[in-house]
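Hi,

Here is the structure I said I would pass on to you. Have a look at it first, and my notes follow below.

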Amino acid sequence: MEKGQGLPHGQVRRQEIREELLIYIGKSERNQRSLFILFFIISVFTIYLDYSAHKDISSPVIVFTSLWLFICTLASLRLYGFTGYSEKTIGYITCGSVAFSLGAFSSTLVNKQTTKQTRYAHLRGKNLQTSDGNQQQLCFTFLEIILALACVGSALSLFYSLNAFRSGASYMEVRGSRLGYNDEQAFSNPIVGLFVTYFCGPAMTVLIPIAIVFLFKKQHKKFSLIVFLCALADVISSGGRIQIIYIVSQLIAAFFYYRKTISSKTKKIIKNATIIGIVMLFVLTSLRTSQNFLQAIYTYFTLPVGLFSYYTSIVDINNFESFGAATFYPLFYVLASVASFFGAKTSFLDNLIYYVGLPQETWTSTLFPTGSYNAFCSLFYFFYLDFRIVGIVLFSLLYGFMSGYVYKKQRTRTNDIWFMFYLLILQTIVGSFIIFQLGNTKFFVSLFIFGIAILLGKKEIKEES
């Protein structure tokens, strides 16, 4: 079979794959432990090196490396009947983590001259300002319109969920309908479903970092309050825990960004908000599963390793390679849609759509004694689809470089736009254990909305001047 072509997606031989091949590809658990020890040592050294340079726990290297060190440490414990992962999986994660860190470190070479020239501006930029001078690059009228539309979507979602709860549905049933797992869809009108999923969700992704910056700068308080209320409504209606994790991570990053200038009252508010987020995470976890809290958290953060191993084994057996298309999937999805509109079909694009969606559509019960799981394939799955180990190293390097570049910019500029942009990038880093968000269509929509707000803001400045 020609490499990269793969089996037609309707003929994937998942049933022929033995559990031993899926889970235990490594020669022995001793080799897996040796690889984990190597990964642990490299990760600790990388975290120490980066913290010595930046003194900031919200830097991309520390967040990414710590996240994967935490995940792999939990997976290596093999608790609650976790069956494990292949030997090569931990090797892939090690290569990806090291490549990400090298990419982030190398971005300093590009930003080195800029850092020297703007060091005084960097120090002054930490002082909060009473005016909206730093926010003039964003069109606030446009943001208000986006927020109004997002409020409509949040209200619709909350109304559906509360109505379902009144009918006796559980959180998992409601969430299954929202994600399309159940026969009963959340919204009977498909246009409403598309509006909520592909506009309101991406809009909130943009609005939350902006609201966080306004919160610290004590500006547009009503705007920020409405944004957080919409976020709360979305969490309640969907039962999604990851949104809480995103917001808490962004609040912590903002706290360290503004820590030298914010008042003790603001610090107290942020600390209380973080505690509330953690409590909500506990409550949602308790409502969504019959497992105890520790077991649920263990399962949540261990799945990426096991599912990454599981899905890459399917890809290997079916011999599919996407040559960069999976990492830049939204562009190729549009291409496939256009081709389909004109009646042209290619097996490569059909297989690409199938294998990119494979983690969402394919469930497995081989990882834990109870329960079936899906989706948490991590960003490395998409890199692996493209060029196998070369893809993991190459795209992790580029991803780290881009993250480091934005991080350096927001540390050396007085303009808060760069910091808002970094909060968006930070969300993709935190969510890297689920999917590659930069290759996600909804995140592309978020970047588009953010870009429009900047362009319209610049137009307003020109008209005023």
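Ile244, Ile245, Val248, Leu251 and Phe255 are the residues through which helix H10 meets helix H11 in this predicted model. On the H11 side, the partners are Lys267, Ile270, Ala273, Thr274, Gly277, Met280, Leu281 and Leu284. Sorted by class, this contact of H10 with H11 has 10 nonpolar residues, two polar and one charged.

As for the geometry, H10 covers residues 242-258 and H11 covers residues 264-288. Their axes come within 10 Å and cross at roughly 160°. Angles over 145 degrees count as roughly antiparallel, so H10 is roughly antiparallel to H11. The crossing in which H10 passes H11 is left-handed.

While you are at H11, take a look at Thr285, which lies in that helix. Is Thr285 buried or exposed? Its relative accessible area is 1%, and the cut-off for buried is under 20%, so Thr285 counts as buried. Leaving aside residues up to four places away in sequence, Thr285 touches Arg241, Phe293, Ala296 and Ile297.

Ser372 gives you another setting to look at. This residue is found in the loop between helix H14 (347-361) and helix H15 (379-412). With a relative accessible area of 39%, Ser372 is partly exposed. Beyond four places in sequence, Ser372 touches Trp363, Thr364 and Ser365. Thr362 is 10 residues away from Ser372 along the chain, and their C-alpha atoms are separated by 9.7 Å.

Now for the confidence, before you set anything up. The mean pLDDT of the chain is 83, with 85% of its residues at 70 or more. Where in the chain is confidence lowest, and where is it highest? The lowest is in helix H5 (residues 119-124), at a mean of 35, and the highest is in helix H3 (residues 60-77), at 95.

Two stretches call for some care. Over residues 7-27 pLDDT stays under 50, and the model has 47 contacts beyond four places in sequence for them. Over residues 113-135 pLDDT also stays under 50, and here the model has 35 such contacts. Where pLDDT is low, the predicted coordinates should not be read in detail.

Best wishes

Terms used. Residues are numbered from 1 along each chain as its sequence is written. This is a predicted model: local features need pLDDT of at least 70, side-chain atom pairs count only at pLDDT 80 or more; totals for chains, interfaces and linings use all residues. Side-chain values use heavy atoms; hydrogens and water are left out. Axes are lines fitted to C-alpha atoms, for helices over the stretch in contact, and angles run from 0 to 180 degrees between N-to-C directions. Helices (H or I, at least four residues) and strands (E, at least two) are DSSP runs, numbered from the N terminus. Angles under 35 degrees count as roughly parallel, over 145 as roughly antiparallel, 65 to 115 as roughly perpendicular and the rest as oblique. A crossing is left-handed if the near helix is turned anticlockwise from the far one by less than a right angle, and right-handed if clockwise. Contact means heavy atoms within 4.5 Å. Ala, Val, Leu, Ile, Met, Phe, Trp, Tyr, Cys and Pro count as nonpolar, Asp, Glu, Lys and Arg as charged, and the others, Gly among them, as polar. pLDDT is the predictor's confidence in each residue, from 0 to 100. Buried means under 20% relative accessible area, exposed over 50%, partly exposed in between (1.4 Å probe, protein chains only).
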